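The following note sets out several points for a colleague who is examining this entry. Please read each point beside the displayed structure.

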Amino acid sequence: LRVSLPCSHAKEILHCLKEKYFRELQDLEVDGQKVEMPQALSWYPDELAWHTNLSRKILRKSPQLEKFHQFLVSETECGNISRQEAVSMIPPLLLNVNPHHKILDMCAAPGSKTAQLIEMLHADMNVPFPKGFVIANDVDNKRCYLLVHQAKRLNSPCIMVVNHDASSIPNLQIDVDGRKEVLFYDRILCDVPCSGDGTMRKNIDVWKKWTTQNSLQLHGLQLRIATRGVEQLAEGGRMVYSTCSLNPIENEAVISSLLEKSQGALELADVSSELPGLKRMPGITKWKVMLKDGQWFEEWKDVPSNRQTQIRPTMFPIKDEEKLKAMNLERCLRILPHHQNTGGFFVAVLIKKSPMPWNKRQPKVHQKLPQRTGDTEVTAANSDNGSECITEEPTLAENEESKKTQELQNSDTEQSKKEGVCGPPPSKKMKLFGFKEDPFVFLPEDDPLFLPIQKFYALDPSFPKMNLLTRTQEGKKRQLYMVSKELRNVLLNNSEKMKVINTGIKVWSRNSDGEQFGCAFRLAQEGIYTLYPFIHARIINVCIDDVKILLTQENPFLSKFSSETQKKVKDLAMGSIVLKYDPDPEKPDDLQCPIVLCGWQGKTSLRAFVPKNERLHYLRMMGVEVFKAKRKEEELESKTEEEVQHRLAQTEEGMDVEDKEHDLVTKMEAEIGEESSHSPLESSAMEVENKIEDLDQSSKNANSHVSQESKDTDTSSVKD
């Protein structure tokens, strides 16, 4: 397991793990077997990664470990901890990511490495919008949603999930001072599909299904993906190629072929001094190729013609000793399972020194591209350029120029960009697989929707309102999302060629009850750390005791809070608020990291709008025992679910939804005075209201495709 680094509470979580949960495991026996104490991975920086010998089955079933298991599940859902294979943590570490880097993760699902990359972008928690971003791609549409779930836990405005074949992922363009330029990435993670034979210690299927054919079939795809990666890498940039296989056909053969094809444009980086403590073996320089029937071949010339479709020349080691020595294949890393009780793994770090020489098929594509526009003059011009390219071996810079010319032709596309609408790609092929995604619509500068929000929360003039977007072109905008300026640039300039599954972090949710108080949008907890630096109104500073009340009681009466908090609340109108806790250095026993919560101020109450797992996280950090509380919660959740179902059934019988919403809110407001005897509960009047509104909306659009809005609802709404 790995503690997420950008989390402001990383030190507290680590302390909690070591001093509480790990100590409880000491001298513990489960089913007659002694539980080994978890050990820190010696090569992972700052003791942030740990290993335990507990199997998943024991962890889930054993009553003695229930508390520890609950902690792991809850903190994982919050994004504070990631459970991940140890060797899988290596590639992101070797990328040496900085917050300003533009990063491409080519085969990203299920997303544990992507999560690491996002964490590295947000190394400085005081910068809400790092200049860098991560574009996470996967070819499988369903696995892309798994990727979205992983990325969402980290609440970053700098991540975009796209759905493409990595071997032909399109060149993206960005606007640089009014000019269109091809986007080159500073860092690329190329964790390619592989036979997985390095996972033989944990994956029983490998023993049953493994054949030499697996590697022979994957080699070509792996080489194409790696080639596409280095083409999109910026000069001086770094690409990490990795597999969970130990077969040289999938590893050194791919790297040596790539290095040979690059004609000196690429070199293997020497990372022997990085990650001290990691036991590794050097890459190999000699290997043979074997067929399924047991035939071995040492050289390409030995392969019979009827086998030359299965075995390719790139699978063999380089015979020229000088060339082989210059490649430095020993700089690759081979991690063997028995050396440090891990899976088997292969890693190679490539650095791009100069533009890649073009392979033969690129000039052809280069000539064909303009034909799609139907502009004969430009086609002729580009054909001339194409003939030059063939004779002169074009560089990426030349291709960039032709791409610029191509982009300027698409006047219709430009118009839609000005309107801030980034729809799904028009290509029919792209729509054959997976959901049809809703468009990404940026708020126009003069949108009347934003003025009340700006006024209500006294947003700083520097607030980047141009980066706000919704997922609907028509009807009421129900959620507002935010992306970084750099991702906005990517979205606006590439909507025609890129299938975007998800991007942006939710910052505001529509709350019809809030309109009467001056703002129809309440703050969303997942975006509060991004928004907070820009908010100058409706902030209430609370003490640690107030935070405990907010997180342990569902709808506490104002009189329960400290006198200072009560005074501050009296001056504020009803509606959405920010609750801020600042640690007191003079009280070292109290929580020593800041907390920002979204809340709602009623007539006589103050409540927090925080998902359940996040509540439990904050309470743990404050030393409050939450194990028993969770037991009660489950009962309360089932009751709440029954209430919601009952209300929805009444709605179906023909009740007026708006009247019902009003009655519900009024009833909740009337019950505020009653002291709540419940444990922390994630449901609330506003969430139930949103649920009913969701139902009404979905009934109107019964025949439409799955809406992204429904996928992005609060954790609490989904639970309710």
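A residue is called buried here when its relative accessible area is under 20%. The model under discussion is a predicted one.

1. Helix H9 (residues 252-262) is mostly covered, with nine of its eleven residues buried. The buried positions in H9 are Glu252, Ala253, Val254, Ile255, Ser256, Ser257, Leu258, Leu259 and Ser262. The elements that cover them include helix H8 (212-231), helix H10 (321-327) and the strands S13, S14, S18 and S19. Just after H9, glutamine 263 adopts a positive phi of about 55°.

2. How do the axes of H8 and H9 cross? They come within 10 Å, and the crossing angle is roughly 45°. H8 is therefore oblique to H9. The crossing of H8 and H9 is right-handed.

3. The contact between these two helices can be listed by residue. By class, the residues of the contact of H8 with H9 comprise six nonpolar, four polar and one charged. As background to the spacing of such positions, an α-helix has 3.6 residues a turn, so residues three or four places apart point the same way.

4. Why is strand S19 (residues 345-352) described as largely enclosed by the rest of the structure? Seven of the eight residues of S19 are buried, so the description follows from that count. S19 is also among the elements that cover the buried residues of H9.

5. Strand S13 (residues 233-243) pairs with S19 in the antiparallel sense over six bridges, and threonine 243 has phenylalanine 346 in S19 as its bridge partner. Strand S14 (residues 266-268) is likewise antiparallel to S19, with three bridges; here glutamate 267 stands opposite isoleucine 351. Strand S18 (residues 333-335) is joined to S19 by three bridges, and the two run antiparallel. In that pair, leucine 333 has valine 347 of S19 as its bridge partner.

6. A further region contains an open sheet of four strands, in the order S27-S28-S29-S30, with mixed pairing. Its edge strands are strand S27 (539-541) and strand S30 (606-608), each of which pairs on one side only. From one strand to the next, the twist averages 35°. S27 and strand S28 (residues 575-581) run parallel and are joined by three bridges; isoleucine 540 stands opposite leucine 579 in S28. Helix H21 packs on the sheet, where H21 touches S27, strand S29 (595-601) and S30. The direction of H21 makes about 165° with that of S27.

7. The C-alpha atom of glutamate 554 is separated by 8.0 Å from that of alanine 608, although the two residues are 54 residues apart along the chain.

Note on methods. Residues are numbered from 1 along each chain as its sequence is written. This is a predicted model: local features need pLDDT of at least 70, side-chain atom pairs count only at pLDDT 80 or more; totals for chains, interfaces and linings use all residues. Side-chain values use heavy atoms; hydrogens and water are left out. Buried means under 20% relative accessible area, exposed over 50%, partly exposed in between (1.4 Å probe, protein chains only). Two strands pair if DSSP finds at least two bridges between them. Contact means heavy atoms within 4.5 Å. Axes are lines fitted to C-alpha atoms, for helices over the stretch in contact, and angles run from 0 to 180 degrees between N-to-C directions. Angles under 35 degrees count as roughly parallel, over 145 as roughly antiparallel, 65 to 115 as roughly perpendicular and the rest as oblique. A crossing is left-handed if the near helix is turned anticlockwise from the far one by less than a right angle, and right-handed if clockwise. Ala, Val, Leu, Ile, Met, Phe, Trp, Tyr, Cys and Pro count as nonpolar, Asp, Glu, Lys and Arg as charged, and the others, Gly among them, as polar.
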